[in-house]
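Student: Hi, could you walk me through this model?
Tutor: Happy to. Here it is.

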Amino acid sequence: MSPTSSAPVPGADAAGLPAAPEVVQLEVGLLQNFCEILYCPDTREAAVVDPAWEVDRLLREAAALKVRLGTILVTHTHHDHIEGVAELAAKVAESPGGGGGVTVIVSPREAAAFAGQPLTLRPPVDRGDIPIGRRGVRALDTPGHTVGGTCYLADGYLITGDVLFVGGCGRTDFRGGSTAELWKSLQRLMALPEETRVYPGHNYGSTPTSTVGREALENPYLLCKSFEEFRVLRERKRKA
Ligand SMILES: [Fe+2]
């Protein structure tokens, strides 16, 4: 399939989304990683995105919010995003009220990163909804930075991992990366409503979050008019 042969249908991914969880963004570690805690304000059930580096702080935040972590949402399995998954899962299981443990949502194309670990893994379904209490998010299969990259779309915001940054995008020269796949994934994200707030996987931009509309206007990778222009830019710049 050529990188331009499957134009995304505007609005299709966001149609009929469940109510959005509340979202709390936390910068952790020394690589400017972002984690998010997503929670239902009614049931206090919560998910955490890409737990790493500061697990005890994430658990303190969850306690302060009076939420129970039941789900880990993995955007991709680069070490800096999953370094805390096993530790978090173990500490939740040991905690009072943590009896149900946590379920780790990770693409089957990257699940090998957790091989041999005592974790409950579940694959996301592309455009399938993942409940968080009475709220929920929708998984979007967005490969390119990695082979199983997954974004999580809520009604009004989008968790992008290393697919899309504020003013940038993920690199494609690591194992499993594909510039053509990343181009298609970015086109898909740009078909989301322009007011959708973007929560990236790293604090690499001028602001911690952005919107789909702002990125469409300002992000040099999204201003590319063709795949070839994108390929040249992406493969020349090796940062991020
Ligand atoms: Fe990454």
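Student: Let's start with α3: which strands does helix α3 lie across?
Tutor: Helix α3 (residues 85–94) lies across β3, β4 and β5, and runs at about 155° to β4. For that angle, axes are lines fitted to C-alpha atoms, for helices over the stretch in contact, and angles run from 0 to 180 degrees between N-to-C directions. Helices (H or I, at least four residues) and strands (E, at least two) are DSSP runs, numbered from the N terminus.

Student: Before we go on, what should I know about the model and numbering?
Tutor: This is a predicted model: local features need pLDDT of at least 70, side-chain atom pairs count only at pLDDT 80 or more, and totals for chains, interfaces and linings use all residues. Residues are numbered from 1 along each chain as its sequence is written.

Student: Thanks! Which residues of α3 are buried?
Tutor: V85, L88, A89 and V92 are buried in α3. A residue is buried if 20 or more other C-beta atoms lie within 10 Å of its own, exposed if 12 or fewer, and partly exposed in between, with C-beta atoms placed from the backbone.

Student: Where do they sit around the helix axis?
Tutor: Looking down the axis of α3, the buried residues fall within an arc of 100°, so they line one face of the helix. The arc is that of the directions from the helix axis to the C-beta atoms.

Student: And what covers those buried residues of α3?
Tutor: The cover includes β3, α1, β4, α2 (79–82) and β5. Two residues are in contact if their C-beta atoms, placed from the backbone, lie within 7 Å.

Student: OK, on to the sheet. What is the strand order in the one with β1?
Tutor: The order is β1-β2-β3-β4-β5-β6, an open sheet of six strands with mixed pairing. Two strands pair if DSSP finds at least two bridges between them.

Student: Which strands stand at the edges there?
Tutor: β1 (22–28) and β6 (120–122) do; each has a single partner strand, so one side of each is left without a neighbour in the sheet. On average, neighbouring strands of this sheet are turned by 30° against each other, direction ignored.

Student: How does β5 pair with β6, parallel or antiparallel?
Tutor: Strand β5 (residues 103–105) pairs with β6 in the parallel sense, over three bridges. T103 has T120 in β6 as its bridge partner. Helix α1 (residues 55–64) also packs on the sheet, touching β1, β2 (33–39), β3 (45–49) and β4 (68–73), and its direction makes about 155° with that of β1.

Student: Now the other sheet, the one with β7. What's its order?
Tutor: That open sheet of six strands goes β7-β8-β9-β10-β13-β14, with mixed pairing. Its edge strands are β7 (129–132) and β14, each pairing on one side only.

Student: What does β13 do in there?
Tutor: Strand β13 (residues 197–200) runs parallel to strand β10 (residues 157–161), joined by four bridges. Two bridges join β13 to strand β14 (residues 210–211), and that pair is antiparallel. V198 stands opposite L158, and its bridge partner in β14 is S210.

Student: Which residues touch the most other members of the largest nonpolar core?
Tutor: A46, V48, I72 and L158, out of 57 residues in that core. β2 gives the most to this core, with five residues. A nonpolar core here is a set of buried Ala, Val, Leu, Ile, Met, Phe, Trp, Tyr and Cys residues joined through C-beta atoms within 7 Å.

Student: What is V48 in contact with?
Tutor: Leaving aside neighbours within four places in sequence, V48 contacts C35, I37, L58, L69, I72 and L88.

Student: Switching topic: T75, buried or exposed?
Tutor: T75 counts as buried, with 31 C-beta neighbours inside 10 Å. T75 is found in the loop between β4 and α2. Beyond its neighbours within four places in sequence, its contacts include V49, D50, H81, G149 and I159.

Student: And where is P18?
Tutor: P18 is in the segment before β1, and is partly exposed, with 16 other C-beta atoms within 10 Å. P18 and A154 are 136 residues apart in sequence and 7.4 Å apart in space, C-alpha to C-alpha.

Student: Last one: how many helices and strands are in the chain?
Tutor: The chain has six helices and 14 strands. Of its 240 residues, 44% count as buried.
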